[in-house]
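Colleague: Hi! Could you walk me through this model and what sits around its ligands?

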Amino acid sequence: MAGEGGRFGIGYALLPKKENSFVRESLVKLARSRGIDLVKIDMGRPLVDQGPFDCVLHKLYGEDWKSQLEDFRSRNPNAVILDSPVAIERLHNRISMLQVVSELKIENQSETFGIPKQIVIYDRETLFDSQAWELLKFPVIAKPLVADGSAKSHKMALVYNHEGLNKLKPPIVLQEFVNHGGVIFKVYVVGEYVKCVKRKSLPDVSEEKLNSLESSLSFSQVSNLATHQKSDDKYYKMMHLEDTELPPQSFMADIAKGLRKAMNLNLFNFDVIRDTRFGNRYLIIDINYFPGYAKMPGYETVLTDFFCDMVYRKEREVVVEKNLVEEYTQEVLVAATDGRQVLSCEKEVRKIVPNSCCSDGEEMENSIQV
Ligand SMILES: O=P(O)(O)O[C@@H]1[C@@H](OP(=O)(O)O)[C@H](OP(=O)(O)O)[C@H](O)[C@H](OP(=O)(O)O)[C@H]1OP(=O)(O)O
Ligand SMILES: Nc1ncnc2c1ncn2[C@@H]1O[C@H](COP(=O)(O)OP(=O)(O)O)[C@@H](O)[C@H]1O
Ligand SMILES: [Mg+2]
Ligand SMILES: [Mg+2]
């Protein structure tokens, strides 16, 4: 826990692109001023030999990194790992990613939410199998099943008709393309903080387009295109980002909270579109672990608040736990000396079960595990 001078250390393990965009001087300085030192983890050395860290912040995958985190966790049970690799893995598959949305229950009278109709295709035969198509109709978006952050995993195709299927390479998810007025909402989640912003998206597809000769359109990371790419494009000139109303904040916050709890993740964003056929129906189409927070206004403050919350909360928990153990030890010792059996125990202190009084303090201490 808090090291010398009451400071906290947060180790980060990120790819160079992410490190450049996220670990800005402005963030490092603000965190430092509030007692938190952001320290780069040296990937050339074992994680367990570094630190001490009160928290590890990471966006790296692979078995080696996972086992390094496990070792670290077992040797530093009080450190916080943001986030758990198992929880992150759910987002690496575009089916399991959205399954959690289908399971969410949120009470709301005026808005509804869900996911677009979709099927998963593992081989080319199924791609042309009419049974597989019973659920879907054109246009569809073909997305790689795997969403592991590679350039390949972002390569998509908007498919207008059967001919367009020829170019696809399973395993893919075929998802109904839903007209949404060319604007996507990105909802950034940082623990309890939730911020929704607008970005440009693919334009609506008209009936005319469906009947044209074109069979598909390939694209990648539309909402992340550089500004000049957007302004050169005639589609983007047609769209009016400023005029689009944001979804109700409390509705997005409820969904964010539900997802955070269900996925056991603190750092993620989700992409939402508003179905133009209904106006109050929202569809979640993508969830990303540790997204580009630096694009979020005031990200330094939001992230620093969150880091403080994490490390201070953990410290409080450790202190409370320690006090409970001390109190309980005291109670047991007193009971031991006057021959009583201890029946009550605080909820948080588990496995303290000397079933009758021990005769001496030493034996008692050995039987206490938290
Ligand atoms: O770097 P950025 O700012 O473009 O962030 C990317 C995200 O952009 P966003 O914040 O949603 O606009 C981006 O979100 P989208 O896929 O564009 O919805 C991803 O989260 C991407 O990570 P990965 O390639 O899926 O591992 C994110 O990329 P990494 O920074 O993690 O490489
Ligand atoms: N079902 C859909 N209907 C309409 N547009 C979609 C749909 N799914 C994705 N898109 C568009 O395609 C973009 C990329 O899809 P997304 O699933 O977010 O992949 P990525 O992980 O690469 O961001 C979205 O930002 C949005 O513009
Ligand atoms: Mg996306
Ligand atoms: Mg994504």
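**Ligands, metals and salt bridges**

Modeller: Happy to! A polar side-chain atom of K295 is 2.7 Å from an oxygen atom of ligand 1, a polar contact (a pair of N or O atoms within 3.5 Å; within protein, one must be able to donate a hydrogen and the other to accept it, and residues adjacent in sequence count only if both atoms are side-chain atoms). The protein covers 85% of the 600 Å² of accessible area that ligand 1 has on its own, with areas from the Shrake-Rupley method and a 1.4 Å probe, where for residues only the protein chains shown count as cover.

Colleague: Before we go on, what kind of model is this, and what are the ground rules?

Modeller: This is a predicted model, in which local features need pLDDT of at least 70 and side-chain atom pairs count only at pLDDT 80 or more, while totals for chains, interfaces and linings use all residues. Residues are numbered from 1 along each chain as its sequence is written, chains are lettered from A and ligands numbered from 1 in the order in which they are written, and side-chain values use heavy atoms, with hydrogens and water left out.

Colleague: Thanks. Which other polar contacts does ligand 1 have, say with a backbone atom?

Modeller: A polar backbone atom of G292 is 2.8 Å from an oxygen atom of ligand 1. There is also N269, with an N or O atom of its side chain 3.0 Å from an oxygen atom of ligand 1.

Colleague: How many residues surround ligand 1?

Modeller: 19 residues do, and the closest are K59, H154, K186, G292 and K295; to be near, a residue needs a heavy atom within 4 Å of the molecule or strand. By class, that shell has 3 nonpolar, 8 polar and 8 charged residues. Here Ala, Val, Leu, Ile, Met, Phe, Trp, Tyr, Cys and Pro count as nonpolar, Asp, Glu, Lys and Arg as charged, and the others, Gly among them, as polar.

Colleague: Let's move to ligand 2. What are its polar contacts to backbone atoms?

Modeller: A nitrogen atom of ligand 2 lies 2.9 Å from a backbone N or O atom of E176, and a nitrogen atom of ligand 2 is 3.1 Å from a polar backbone atom of V178.

Colleague: On to the metals. What coordinates the magnesium ion (ligand 3)?

Modeller: Its protein donors are D271 (OD) and D286 (OD), at 2.0 to 2.1 Å. Donors are N, O and S atoms within 2.8 Å of the metal (3.2 Å for Na, K and Ca), and water is not among the atoms, so sites may look incomplete. The pair links distant parts of the chain, with D271 in strand β13 and D286 in strand β14, 15 residues apart.

Colleague: What about the magnesium ion (ligand 4)?

Modeller: That ion is coordinated by D286 (OD), D286 (OD) and N288 (OD1), at 2.1 to 2.8 Å. The two magnesium ions, ligand 4 and ligand 3, are 3.7 Å apart, and D286 coordinates both.

Colleague: Is D286 buried or exposed?

Modeller: Buried, with a relative accessible area of 12%. Buried means under 20%, exposed over 50% and partly exposed in between (1.4 Å probe, protein chains only). D271 is buried too.

Colleague: Changing topic, how many salt bridges are there?

Modeller: The count comes to 13, a salt bridge being a side-chain nitrogen of Lys or Arg within 4 Å of a carboxyl oxygen of Asp or Glu. One of them joins R34 and D305 (2.6 Å, N to O). R34 lies in the loop between α2 (25-33) and β2 (36-40) and D305 in helix α11 (residues 299-338), so this pair ties together parts that are 271 residues apart in sequence.

Colleague: Which residue does K66 pair with?

Modeller: K66 forms a salt bridge with E89, with the closest N and O atoms 3.0 Å apart. K66 lies in helix α3 (residues 63-75) and E89 in helix α4 (residues 85-89), so the pair ties together parts that are 23 residues apart in sequence. K66 counts as buried at 17% relative accessibility, whereas E89 is partly exposed at 34%. Salt bridges that share partners join E63, K66 and E89 into one network.

Technical notes:
Helix = DSSP H or I, 4+ residues; strand = E, 2+ residues; numbered from the N terminus.
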